[in-house]
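User: Could you take a close look at one helix packing for me, and then show me how its surroundings are built? I would like the cut-offs spelled out as you go.

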Amino acid sequence: MDDSSDDENPLLEAPQTLHVATPLLHSSRLSNRGIGNFCYQTVQSRGTDIHFITGSGINTALAVAYCARQLGVEAMIVLPKGTHESICEGVRLENAQLILFGEDFTASETHARKLVKRNGIYVPCSDHAHIWQGHSSIVHELKAQLQNTPPAAIICPVGGGGLLNGVIMGLQQIDWKQVPVIAVETHGSNSFQSAVVAGKMVTLPRLTTIASSLAVKSVSSKSLELSLVHPVVPFAVSDAMAADAVRIFAGK
C-alpha cells in the first residue's frame, strides 16, 4: 500500500470501529462489530491492496460488503442461489461483487474458499480472535452504560458462535465472571446446545430452521471451550417462538 492510499482514507489514520457504540440505545448490525474488527485489523496489517472474500452466511456477507466499502477494499460475496433478492440488493448497494452459487451455505462457502487467490483474504463468520475481540466491545460498553452494575444475565443469539465467544470473553475481561449467558438457538440449528450436551463438537446432519442467519451446522470450537469456564445456559426455541420475539421487538 502506498502512502497516498492511507491519506485518502481517514478510517486508516487511527484506531476505528465500524459500528455504533451504543448497544442499549441504538446499534448497527451486531456482526459489524466482529467482522468490522477483523477487516480493520487485516487492512492495518496488509494494507488496502487486498480483497475480502466470504461465503459464510447472510450476516457475514452483509457485514463484509459494508466494511469493505468503508475501508476502501474490494469484496467478493458468495451466497446460495436461493438467497432472497433483498439480501442480494443489500450486497450490491455496498458495491461488492456478488456470486450466487450452490443450494446452501455449505456449497457457497466451499466455492468461496476456492476463489481465494493472491491478495485474497477469506473472512469467516465467527472463528477468529479478531472477530471475538470486536464482539467483546459490547460488554465494555454495557459496563459503562450500566454504571458497573452487572445484569442478572445476558441473552445471546448463537449462530457460528462469534458473538457468544466475544460476549463471554468480554465478561471475563471486566470481571463479570458470575453473569450467566443464555445462549439461544432455534431447533434445527442448535449445534452449540448439541455440543454442550455431548461434551464434544457436533456437526448437525442438516439445517431445518427458518432463521437463516443462525443456520450453521457446527459452532465454533472456542464456544464449547468457553462454556467450560463461564456459566452458559444453552437454550433452543422453535421457529415460531423466534418469529414471535421478532414481532414483539418490532412492536407489531
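Analyst: H2 passes H6 in a right-handed crossing; a crossing is right-handed if the near helix is turned clockwise from the far one by less than a right angle, and left-handed if anticlockwise. This is a predicted model, where local features need pLDDT of at least 70 and side-chain atom pairs count only at pLDDT 80 or more, while totals for chains, interfaces and linings use all residues. Residues are numbered from 1 along each chain as its sequence is written, and side-chain values use heavy atoms, leaving out hydrogens and water.

Helices (H or I, at least four residues) and strands (E, at least two) are DSSP runs numbered from the N terminus. Two packed helices are described by the angle between their axes and the distance between the axes. For H2 and H6 (residues 129–145), the angle is about 130° and the axes are 7 Å apart. The axes are lines fitted to C-alpha atoms, for helices over the stretch in contact, with angles running from 0 to 180 degrees between N-to-C directions. H2 and H6 are therefore oblique to each other; angles under 35 degrees count as roughly parallel, over 145 as roughly antiparallel, 65 to 115 as roughly perpendicular, and the rest as oblique.

Contact here means heavy atoms within 4.5 Å. On the H2 side, the contact with H6 is made by Ser31, Arg33, Gly34, Ile35, Asn37, Phe38 and Gln41. H6 answers with His130, Ile131, Gln133, Gly134, His135, Ser137, Ile138 and Glu141. By class, this contact has 4 nonpolar, 9 polar and 2 charged residues. Ala, Val, Leu, Ile, Met, Phe, Trp, Tyr, Cys and Pro count as nonpolar, Asp, Glu, Lys and Arg as charged, and the others, Gly among them, as polar.

H2 (residues 31–46) has another partner, H3 (residues 58–71): their axes come within 9 Å and cross at roughly 45°. H2 and H3 are therefore oblique to each other, and their crossing is right-handed. Residues of H2 in this contact include Ile35, Cys39 and Val43, and those of H3 include Ala63, Val64 and Leu71. The residues of the contact of H2 with H3 divide into 9 nonpolar, 5 polar and no charged. Ser31 and Ile35 are listed in the contacts with both H3 and H6.

Now for the strands. An open sheet of 3 strands has the order E5-E6-E7 with parallel pairing, where two strands pair if DSSP finds at least two bridges between them. E5 and E7 (232–237) are the edge strands, each pairing on one side only. Direction ignored, neighbouring strands of this sheet are turned by 30° against each other on average. E5 (residues 154–157) is joined to E6 (residues 181–186) by 4 bridges, and Ile155 stands opposite Ile182 in E6.
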